[in-house]
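Q: I am new to this structure. Please show me how to read its features.

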Amino acid sequence: GAAVKSGMTLENQQVSIEHFIGATNKNYSEAQIKEAAKTFTEQLRQNANATPFETGEVIAAGSRAIAITQGNTKSAMSMVKLAEDMAAASGGTKSVSDAIEALADAKLGEMERLKEFGFKVSAEEFEKKGFEGVSKDLAEFYGGAAEKLATTGSGLLSTITGKLKSGVADFGLKIVDQLKPVLTNIIGLVDKAMPYVEEFGSAF
């Protein structure tokens with residue numbers, strides 16, 4: 001049950017990543033989109049294994065980041081790493097997802113959520129520097145926090161847990177792939193049975 005659920009979550013995240021890469025890279029073929037998504041997902045996994053954050057959390061953050069950066073995998077990866085540093089520096093009060101959302105707001109000029117991470121940017125400053133300039137300041141301010149947290153006891157334990165969960169998700173995804181034809185057949189049988197079910201129901 002847990003393996004299949006993890007596999008389905010991983011599949012949904014991969015679909016999301018493929019969608020945004022394809023939506024913003026119109027010149028890509030289906031094979032190129034899948035390859036770019038696969039490479040990006042692998043980068044996220046390697047990153048998760050080197051940080052105190054679990055693979056599922058990092059892939060979810062990557063899926064959100066790819067949407068924010070409009071399919072730019074390089075910018076998305078930088079955003080994920082920055083979000084990890086921000087979350088690590090919060091001392092466990094904020095997640096990577098919280099940090100990603102704060103960065104998503106910042107990209108639109110909304111700085112309120114950044115204050116929750118102890119970082120203040122004025123409207124004038126944002127006007128002058130833009131999101132790239134603010135991101136650079138954030139990287140300098142929080143840089144290295146995730147790496148430091150990874151060496152703590154809780155960080156090491158989280159890395160081990162993340163690797164184990166990642167293996168379960170991979171196993172689950174293989175099961176999901178095998179289940180798909182069966183599920184498709186069940187849907188077909190349900191569709192065929194529906195007129196009889198409705199007829200039976202109207203008789204009462």
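Q: Does Q70 count as buried or exposed, and at what relative accessibility?
A: Residues are sorted by relative accessible area: buried is under 20%, exposed is over 50%, and partly exposed is in between (1.4 Å probe, protein chains only). At 57% relative accessibility, Q70 therefore counts as exposed. Q70 sits in the loop between α3 (55–68) and α4 (73–89). Its phi is near 55°, a positive value in a residue other than glycine.

Q: What kind of model is this, and how are its residues numbered?
A: This is a predicted model, with residues numbered from 1 along each chain as its sequence is written. Local features need pLDDT of at least 70 and side-chain atom pairs count only at pLDDT 80 or more, while totals for chains, interfaces and linings use all residues; side-chain values use heavy atoms, leaving out hydrogens and water.

Q: Where is confidence lowest in the chain, and where is it highest?
A: pLDDT is the predictor's confidence in each residue, from 0 to 100. Where it is low, the predicted coordinates should not be read in detail. In this chain the average pLDDT is 80, and 74% of the residues score at least 70. Confidence is lowest in helix α9 (residues 153–202), at a mean of 62, and highest in α5, at 94.

Q: How many helices and strands does the chain have?
A: Helices (H or I, at least four residues) and strands (E, at least two) are DSSP runs, numbered from the N terminus. This chain has nine helices and zero strands.

Q: How do α3 and α5 lie relative to each other, roughly parallel or roughly antiparallel?
A: Two packed helices are described by the angle between their axes and the distance between the axes. Axes are lines fitted to C-alpha atoms, for helices over the stretch in contact, and angles run from 0 to 180 degrees between N-to-C directions. Angles under 35 degrees count as roughly parallel, over 145 as roughly antiparallel, 65 to 115 as roughly perpendicular and the rest as oblique. Here the axes of α3 and α5 come within 9 Å and cross at roughly 10°, so the two helices are roughly parallel to each other. Residues making the contact (heavy atoms within 4.5 Å) include A61 and A65 of α3 and I100 and A104 of α5.

Q: Which residues touch the most other members of the largest nonpolar core?
A: In soluble globular proteins, nonpolar side chains tend to be buried together. A nonpolar core is a set of buried Ala, Val, Leu, Ile, Met, Phe, Trp, Tyr and Cys residues joined through side-chain atoms within 4.5 Å. The largest one here has 42 residues, of which L44, M86, L114 and L138 touch the most other members. The helix that gives the most to this core is α4, with nine residues. Not counting residues up to four places away in sequence, L44 touches I17, V58, I59, G62, M77 and V80.

Q: Which backbone oxygen lies 2.7 Å from a polar atom of the T41 side chain?
A: That oxygen belongs to A37. T41 lies in helix α2 (residues 30–49) and, at 5% relative accessibility, counts as buried. Leaving aside neighbours within four places in sequence, T41 is in contact with Q14, I17 and I59.

Methods: Polar contact = N/O pair within 3.5 Å; in protein donor to acceptor, adjacent residues only side chain to side chain.
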